[in-house]
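Visitor: Hi! Could you walk me through this protein?
Guide: Happy to, here it comes.

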Amino acid sequence: MSALVARISVERASKRFSSGSVTVFEELDLAVRDREALCILGPSGCGKTTLLRSMHGLVPLDAGRIVIDGAEVRAPRRNVAMVFQHFGLMPWKRVRENVAYGLELAGLPKATVDERVERYIELVGLRGFERSYPNQLSGGMQQRAGLARALAVEPDILLMDEPFGSLDALTREILQDELLRIYQLAPRTMVFITHSIEEAIAMGDRILVLSARPARVRELLQVDIPRPRTVAGVIAHPRFIPLRDHCWRLLRERAA
Ligand SMILES: Nc1ncnc2c1ncn2[C@@H]1O[C@H](COP(=O)(O)OP(=O)(O)O)[C@@H](O)[C@H]1O
Ligand SMILES: [Mg+2]
């Protein structure tokens, strides 16, 4: 598939929560290209999580539609995996079982499950912790497990909802570098939600900046910083400060 083909298209999507008569987004349009990392940047409460959950088929829209690979999304799909801000691990299962869960659900043969679990635990740097329970791990390690769980199903599309948002600054940067490395090994279509401008620039090929609720597209920016990247390399790149300042201005401007 060519780099310019849309893998995900959001078409005039509207979502309202009747409980508080809150309009989260209205007539939102966006397209995610094959194997691009699209970062969605927007203020807290603007509807980023709701949008991502709609892409995953967990939240129905009131109007418009979301299309993945030519089919309208109505329920979670096999080739799409999600990484949650609060890790999304089952606390009563060990790391190994958490990573295996989606594979077993998909009915893969035991040998395949074992091989994938081992490979992805290794990839995220959790070897030696297979038998630990989530509450025995640091936040960073729990998110490594959350990442392994999502990657193990070998999804074409990865939806990430502020995956590093609850980590301390040092751990966050280490995991950003890890994700850049993993993305470099096998680029896949990725929608990465964040409220951090620096993170959006480091992770994204493009950045979609949303306004406060109801979320509207303020601007779509190209991040013209080459890969392979590291966070330190991105921050030192001459394009970093102009991009950061531009995003700041967009986020600060009050929606009319
Ligand atoms: N299940 C729900 N019921 C009612 N209101 C909700 C629900 N989920 C989110 N909201 C509201 O929708 C708005 C957007 O929420 P959310 O998508 O979580 O924003 P973000 O992820 O950008 O912080 C918020 O005002 C929130 O209170
Ligand atoms: Mg959110």
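**A tour of the strands and the core**

Guide: Let's start with one pair: Leu41 stands opposite Val209 in β9. Keep in mind that this is a predicted model, where local features need pLDDT of at least 70, side-chain atom pairs count only at pLDDT 80 or more, and totals for chains, interfaces and linings use all residues. Residues are numbered from 1 along each chain as its sequence is written, while chains are lettered from A and ligands numbered from 1 in the order in which they are written.

Visitor: How many bridges join β3 to β9?
Guide: Four bridges join β3 (residues 37-41) to β9 (residues 206-210), and the two run parallel. Strands here are DSSP runs of E with at least two residues, helices are runs of H or I with at least four, and both are numbered from the N terminus. Two strands pair if DSSP finds at least two bridges between them.

Visitor: What order do the six strands of that open sheet come in?
Guide: The order is β6-β7-β8-β3-β9-β10, with mixed pairing. At the edges are β6 (80-83) and β10 (217-222), each pairing on one side only.

Visitor: And the sheet with four strands, what's its order?
Guide: That open sheet runs β2-β1-β4-β5, and its pairing is antiparallel. Its edge strands are β2 (22-33) and β5 (71-72). Eight bridges join β1 (residues 6-17) to β2, and Arg16 stands opposite Thr23 in β2.

Visitor: New topic: how is the protein divided into domains?
Guide: Domain 1 covers 1-79 + 157-256 and domain 2 covers 89-154; these bounds come from an automatic or database domain assignment. Their centres, taken over C-alpha atoms, are 25 Å apart.

Visitor: How many residues of each are in contact?
Guide: Eleven residues of domain 1 are in contact with eight of domain 2, where contact puts C-beta atoms, placed from the backbone, within 7 Å. On the domain 1 side, helix α5 (residues 169-185) gives the most, with five residues.

Visitor: Which residues touch the most others in the largest nonpolar core?
Guide: Among its 71 residues, they are Cys39, Leu41, Val99, Ala148, Leu159 and Val191. Such a core is a set of buried Ala, Val, Leu, Ile, Met, Phe, Trp, Tyr and Cys residues joined through C-beta atoms within 7 Å; buried means 20 or more other C-beta atoms within 10 Å of a residue's own. Helix α4 (residues 139-152) gives this core the most, seven residues.

Visitor: Why does the core lie between the domains?
Guide: Both domain 1 and domain 2 give residues to this core, so it lies between them.

Terms used
Two residues are in contact if their C-beta atoms, placed from the backbone, lie within 7 Å. A residue is buried if 20 or more other C-beta atoms lie within 10 Å of its own, exposed if 12 or fewer, and partly exposed in between; C-beta atoms are placed from the backbone.
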